[in-house]
Protein chains: 2
Amino acid sequence: MRDQLHPEEIEPDGDDFLPGLAIDAVIFGFHQNQLKILLLEYRNTGLMALPGGFILTNENLNDAARRVLSERTGLSDIYLEQFYVFGDLNRFDPAPMRAIMAAKGFMPPNNHWLLRRFVSVGYYALVDFTKAVPIPDSLSDSCAWYDLANLPLLMQDHQFIVQKALDTLRTDLDRKLIGFNLLAETFTMADLQSLYETILDQKLHRSGFQRKMLSLGILERLDKHYSGGAHKAPFLYRFIK
Amino acid sequence: MRDQLHPEEIEPDGDDFLPGLAIDAVIFGFHQNQLKILLLEYRNTGLMALPGGFILTNENLNDAARRVLSERTGLSDIYLEQFYVFGDLNRFDPAPMRAIMAAKGFMPPNNHWLLRRFVSVGYYALVDFTKAVPIPDSLSDSCAWYDLANLPLLMQDHQFIVQKALDTLRTDLDRKLIGFNLLAETFTMADLQSLYETILDQKLHRSGFQRKMLSLGILERLDKHYSGGAHKAPFLYRFIK
DNA sequence: TCAAAAGTGTTAATAGTACACCCATGG
DNA sequence: CCATGGGTGTACTATTAACACTTTTGA
């Protein structure tokens, strides 16, 4: 359900927000050949959750998602995509949220708006790991990157949401030019291939990959990158805007 | 926003439903080589709209969509897919809904729940045209098929929703085995090709299409179909379950 | 026997896979 | 001068596209 509270969200009516509707964000980053996502931790409860938020009554849904993303990463202009709406009744379980609020010393009434049923719109986002600055929300104690391959136990159905986001990311990888949003401004072909291999969880052929990427006509070749390694220096590339 | 009202929906609080959340359904059918969708008409207002509905407080989101589909077509086990959530503020315009209710002799108070802002989950559905029995909802005067290529003016952003559904249908056509849900139980290869050509709005090569479909291994060849035409009788096919 | 439509075959073009080769680089 | 990684070349294969040929059907 939800995890991010501003002071006004503690109020029992939640009048500033659309009722019963939330956003859950699976924020992907890529670092040292590993896919990572941002998770929030509620220390006194042991609960971990996806970043999320609510929609202001005078705010577009997609803008609310961008706001959540920006609040958790400090970044704007993030690649963002809706991928599914989670609306099953069995998501409804007020216990974790009550525990989280209690751990913060707030005892909500039983009819508190945060303890009601929520339908959640899932978004996935792709950010430059080196640029993002994870920032906890008002109810969580930490916001940090976690290896997708080695996630801790997540509250509610957040594990399922992550899986669905990853599935969507994989099928979108061909059709959209997604890979580039996870890399720094310039990168080598090996960086790009490693990203693709990590997302798809399979090895790709080096020469074929190189020519396929170049044939797309979306890469600009820059100077060579001298890493200090004892081998031919690879070209750097940049995504043509 | 919304168009389908049960008696209990006329009540000003809408307590039986999740507040501010609706479903809009783009229901595709295929007949005489034309893609069609179901539309509702509100005669006294001149307004036309997509079928839609709300989510009961004790109902799964996807089940609500299935219910709406079933109520408008008389069919169950319909192919159904979420495709987008429409949550922009500029969708919010209570005038059409007020006009619709007024035309039915009901003057809603200004704070009536149906006149508030709605976020709408878009679903597209694929149904067998010959089996569906279009049924209006309690506020509309007709429910009928309309040529996608020649749609009337739709209320609010429903034209945009249809376009987005069609875009999704096209990109899904390869990845999922979608085509078959729009045809009768048995069909000729020409029927199937015509369906694909209509959805994609482009000509396909006959022999290539035939072999590609057969190579998928999902078609069962049945008896020949003698149409009375002065030409070779085509085989009928059925989708292997 | 003819025209129309259906099924299959043939070839060319294209894209994808696998592997090989040579080059640059720093130790 | 060697090991390593990088860029490109080439052969092979699978898929797709384009067109041709043959068969069936009812008039």
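This is a predicted model: local features need pLDDT of at least 70, side-chain atom pairs count only at pLDDT 80 or more; totals for chains, interfaces and linings use all residues.
Helices here are DSSP runs of H or I with at least four residues, and strands are runs of E with at least two, both numbered from the N terminus. Residues are numbered from 1 along each chain as its sequence is written, chains are lettered from A and ligands numbered from 1 in the order in which they are written, and side-chain values use heavy atoms, leaving out hydrogens and water.

**Annotated spans of chain A**

- UniProt, in an unreviewed entry, lists residues 22-153 of chain A as "domain: Nudix hydrolase"; such positions are given in the numbering used here, feature names are shortened, and annotations may be inferred rather than shown by experiment.
- That span, residues 22-153 of chain A, is 17% helix and 37% strand, and its end C-alpha atoms lie 21 Å apart.
- The UniProt annotation "domain: NrtR DNA-binding winged helix", also from an unreviewed entry, covers residues 179-239 of chain A.
- Residues 179-239 of chain A are 36% helix and 23% strand, with 10 Å between the end C-alpha atoms.

- Asp172(A) counts as buried at 5% relative accessibility, where buried means under 20% relative accessible area, exposed over 50% and partly exposed in between (1.4 Å probe, protein chains only).
- Beyond its neighbours within four places in sequence, Asp172(A) is in contact (heavy atoms within 4.5 Å) with Tyr124(A) and Ile178(A).
- Asn62(A) sits in helix 1 (residues 61-73) of chain A and is buried, at a relative accessible area of 17%.
- Not counting residues up to four places away in sequence, Asn62(A) touches Leu80(A), Gln82(A) and Tyr123(A), as well as Tyr84(B).
- The side chains of Asn62(A) and Gln82(A) are joined by a polar contact of 3.4 Å; this term means a pair of N or O atoms within 3.5 Å, and within protein one must be able to donate a hydrogen and the other to accept it, while residues adjacent in sequence count only if both atoms are side-chain atoms.

**A helix pair in chain B**

- Leu169(B), Arg170(B) and Leu173(B) in helix 3 of chain B meet Tyr196(B), Ile199(B) and Leu200(B) in helix 4 of chain B.
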